[in-house]
Amino acid sequence: MALSDDLERIAEAAAAFAAPAERVVGILAAEPLGTGRVYLCAYAADGDEQGWLAFDDAGAPLASRETVRQAASLAALCEIAEESAGGGDLAELRARLAEIRDLEAPEGIEEAEQAAAALAAALQGEPRLATTDYLDRLGAASRRLEQALGDAAGSPFAAALQQAAPAVEELAADVERRYKGPLA
């Protein structure tokens, strides 16, 4: 079954837990290590703040605080990794590399173009399943691109993920605060 089919199935299950005038407004799919697939559903009513409820692959609400926190954190990290890959605008970077190749043809430009293409291939389209493997693939492809571009010392990609740690933590805390069920 495709992820899009799973999301539709979970959206139907999640709708049954919506309060009057509330609706499911989004679903984040994640697969934290050792927990299986988790669907983090966002709820909202007109003018009201958002609520959250996580479901397992069978469509049952989850009550494990740790599992919900891990799923929220992993989904946020994957989102930030995608936004940071290739400096934040991979299509523009690839176009600029092609222009440099055509105008200047410096040594190593082909390697940089291949690394940018590999990073583009590593990016998943929507809907996306957030996994640690996906994060690792993005990290490895980003690092290869950074090195091909001559950044041997530090990793802007890794720095972006480190700088986003407070935002990731805030999302996980928000999910816990606004969770529609009991968490243990």
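This is a predicted model: local features need pLDDT of at least 70, side-chain atom pairs count only at pLDDT 80 or more; totals for chains, interfaces and linings use all residues.

Biologist: Okay, is Glu-31 buried, exposed or partly exposed, and how do you know?

Modeller: Its relative accessibility is 30%. Buried means under 20% and exposed means over 50%, so Glu-31 falls in between and counts as partly exposed.

Biologist: What makes the link between Glu-31 and Arg-37 a polar contact?

Modeller: The side chains of Glu-31 and Arg-37 come to 3.3 Å. The cut-off for a pair of N or O atoms is within 3.5 Å, so the pair qualifies. Besides Arg-37, Glu-31 touches Gly-36, Leu-74, Leu-129, Ala-130 and Thr-131, leaving aside residues up to four places away in sequence. For Gly-154 the story is another one: 123 residues along the chain from Glu-31, with 29 Å between the two C-alpha atoms.

Biologist: Why is Asp-6 called buried?

Modeller: Because its relative accessible area is 6%, and the cut-off for buried is under 20%.

Biologist: And Cys-41, buried or exposed?

Modeller: Cys-41 has a relative accessible area of 0%, so buried is the word. It is part of strand S2, residues 38-45. Its contacts beyond four places in sequence include Ile-10, Ala-14, Val-24, Trp-52 and Phe-55. Ala-11 lies 30 residues from Cys-41 along the chain, with the two C-alpha atoms 7.8 Å apart.

Biologist: How much of the whole protein counts as buried?

Modeller: 41% of its 184 residues. Also, among contacts with a separation of 6 or more, 59% join residues 24 or more positions apart.

Biologist: Which elements make up the protein?

Modeller: Seven helices and four strands. Starting from the N terminus, the order is α-β-β-β-α-α-α-β-α-α-α. The C-alpha atoms fill a box of roughly 60 × 35 × 30 Å along the principal axes.

Biologist: Now the open space. How do you know where empty space is left?

Modeller: You roll a probe the size of a water molecule over the atoms, and that shows it. Here the largest pocket holds about 210 Å³. Strand S1 (22-31) and helix H2 (65-84) each give at least two residues to its lining.

Biologist: What kinds of residue line the largest pocket?

Modeller: Eight are nonpolar, three are charged and none is polar. The lining includes Leu-7, Ile-27, Leu-28, Glu-79, Glu-126, Pro-127 and Arg-128. Glu and Arg count as charged, so Glu-79, Glu-126 and Arg-128 go in that class.

Biologist: What makes the bond from Glu-126 to Pro-127 worth a look?

Modeller: That peptide bond is cis, with omega near -10 degrees. Most peptide bonds are trans. Pro-127 is in the loop between helix H4 (109-122) and strand S4 (129-131).

Biologist: And what about the phi of Ala-21?

Modeller: It is positive, about 70 degrees, even though Ala-21 is not a glycine. Most residues other than glycine have a negative phi. Ala-21 is in the loop between H1 and S1. Its relative accessible area is 70%, so with a cut-off of over 50% Ala-21 is exposed.

Biologist: Why is Ala-105 called exposed?

Modeller: Because its relative accessible area is 53%, and exposed means over 50%. Ala-105 has a positive phi too, about 50 degrees, and is found in the loop between helix H3 (90-103) and H4.

How values were computed: Residues are numbered from 1 along each chain as its sequence is written. Side-chain values use heavy atoms; hydrogens and water are left out. On a 1 Å grid over the protein atoms alone, a cavity is a set of points where a 1.4 Å probe fits but cannot get out, and a pocket is an open set with protein on both sides within 12 Å along at least five of seven lines; lining residues have an atom within 4 Å of a point. Grid points are joined across faces, edges and corners, and a volume is the space filled by probe spheres set on the points. Buried means under 20% relative accessible area, exposed over 50%, partly exposed in between (1.4 Å probe, protein chains only). Contact means heavy atoms within 4.5 Å. A polar contact is a pair of N or O atoms within 3.5 Å; within protein, one must be able to donate a hydrogen and the other to accept it, and residues adjacent in sequence count only if both atoms are side-chain atoms.
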